2 protein chains.
Amino acid sequence: MGLGLRERKKLRTRATIRAQALRLFAEKGYGETTVEQIAEAADISPSTFFRYFPSKEQLVLVDDYDPIMIRAFQEQPADVPVLTALRRSMERVFGEMSPEQLDREMARQKLIRSVPELRAAQLDELQRTIELLAEGVAARMGRPPGDLESRAFAGAVVGSIMGALGDDLLSLDRIGLALDFLAAGFPFDDREVG
Amino acid sequence: MGLGLRERKKLRTRATIRAQALRLFAEKGYGETTVEQIAEAADISPSTFFRYFPSKEQLVLVDDYDPIMIRAFQEQPADVPVLTALRRSMERVFGEMSPEQLDREMARQKLIRSVPELRAAQLDELQRTIELLAEGVAARMGRPPGDLESRAFAGAVVGSIMGALGDDLLSLDRIGLALDFLAAGFPFDDREVG
DNA sequence: TCTCAAGTGAGAGTAACTCCTACATTCGAG
DNA sequence: CTCGAATGTAGGAGTTACTCTCACTTGAGA
């Protein structure tokens, strides 16, 4: 393996900072934990903290599974319908996570939800997801990239998941039901929607 | 009219602060304008600034038209289909705005889009919109409030608008097209979407 | 082992807030 | 009209996230 001592040390420091930070957040709360305290717990100087993370916010928001999810989605064969591809990649990524990883991820989501400052910062991520999905949709549907209807559809997918989840975090069942309903064209017992 | 001198003064101060702030933001940029400078331009002390607005962010984000839009939507008769009700309330609110108001609102949107910190803070607003719409949907469709499918649909509506808008801000045409596409059940030229 | 690049610590500085206190202004009751 | 109570404001001190700079150390490679 090509990682020298220097690189390994950096990785370890980064992991330590994050672990200590999340521990402190859980113990005393996000707002009540200062960067100085995190630095002390991780045995580094405050200035070093900011060399590893651009902000206290980002330390929480950096999502290890997001790039994995993206890759899983892009690896789905092109002849699989979009929603199926999406479902399969979610199932695969969550399926491959260990129980501890799942716990940690849940706790992280809960933290994000409970701190307005963190919650707010997720819009950008959402927008990126829509863009990405829109490309996948356009490619599968024979539309040019950037196509308005593909984007509207991608937005609808992400939006319906968001709406369905509401307060519950990360329920694959609810996501599944929402996607079923969307794929069926929102069948509201014969009542017009338009 | 029941407003005493005190109340009128407060309203005027608030308006002055916001006007001066937006002017400075336009001239020098959001990040380059300090609260102290805004306070000076509005002829108040920095501490007074924070009595009028909880943060520099919120000064920009407070949306005068949001409550108007909400009211317009809720005033639509119950027998009008949801998407039509939504369209009509948007048309009405935008139609009643003066050209200057429209200009100012556009500029505000542009500012929000261009500053990551501001852009991020809109997620909460989005979520509120979804909740509200979901109630309207449930009521019209004879579903109980909080119904999963109503929420999924409401999310899809908001999401598709978001996806369709992309970089362009506030194009009623694009919104209209996205809603048409959604109402028709995403007709992608006979290709399966599920 | 020597040298250079990369990483770290420490300190000073800025800006958004928060909290407190003393002073000014408006309001309502008599 | 006047006085006391409520309400609002200015000013200052303090906290915290973050930035920049500079001197020092440590690991990488010849």
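**Close-up views of the protein–DNA contacts**

**View 1. B:Lys10 at DNA strand D.** In this predicted model, an N or O atom in the side chain of B:Lys10 is 2.8 Å from a phosphate oxygen of DNA strand D. For B:Thr48, a side-chain N or O atom is 2.2 Å from a phosphate oxygen of DNA strand D.

**View 2. The surface near DNA strand D.** DNA strand D is surrounded by 18 residues, with A:Lys9 and A:Lys56 among the closest (near: a residue heavy atom within 4 Å of the strand). Of the atoms of DNA strand D within 4 Å of the protein, 65% belong to sugar and phosphate. α3(B) gives the most to this surface, four residues (helices are DSSP runs of H or I, at least four residues, numbered from the N terminus).

**View 3. Contacts to DNA strand C.** A polar backbone atom of A:Ser45 is 3.1 Å from a phosphate oxygen of DNA strand C. In A:Ser47, a side-chain N or O atom is 3.2 Å from a base nitrogen of DNA strand C. A backbone N or O atom of B:Arg6 lies 2.9 Å from a phosphate oxygen of DNA strand C.

**View 4. The surface near DNA strand C.** Here 19 residues surround DNA strand C, and B:Leu5 is one of the closest. The largest share of this surface, four residues, comes from α3(A).

**Notes.** Residues are numbered from 1 along each chain as its sequence is written, and chains are lettered from A in the order in which they are written. Local features need pLDDT of at least 70, side-chain atom pairs count only at pLDDT 80 or more, and totals for chains, interfaces and linings use all residues, while side-chain values use heavy atoms, without hydrogens and water.

How values were computed:
Polar contact = N/O pair within 3.5 Å; in protein donor to acceptor, adjacent residues only side chain to side chain. Helix = DSSP H or I, 4+ residues; strand = E, 2+ residues; numbered from the N terminus.
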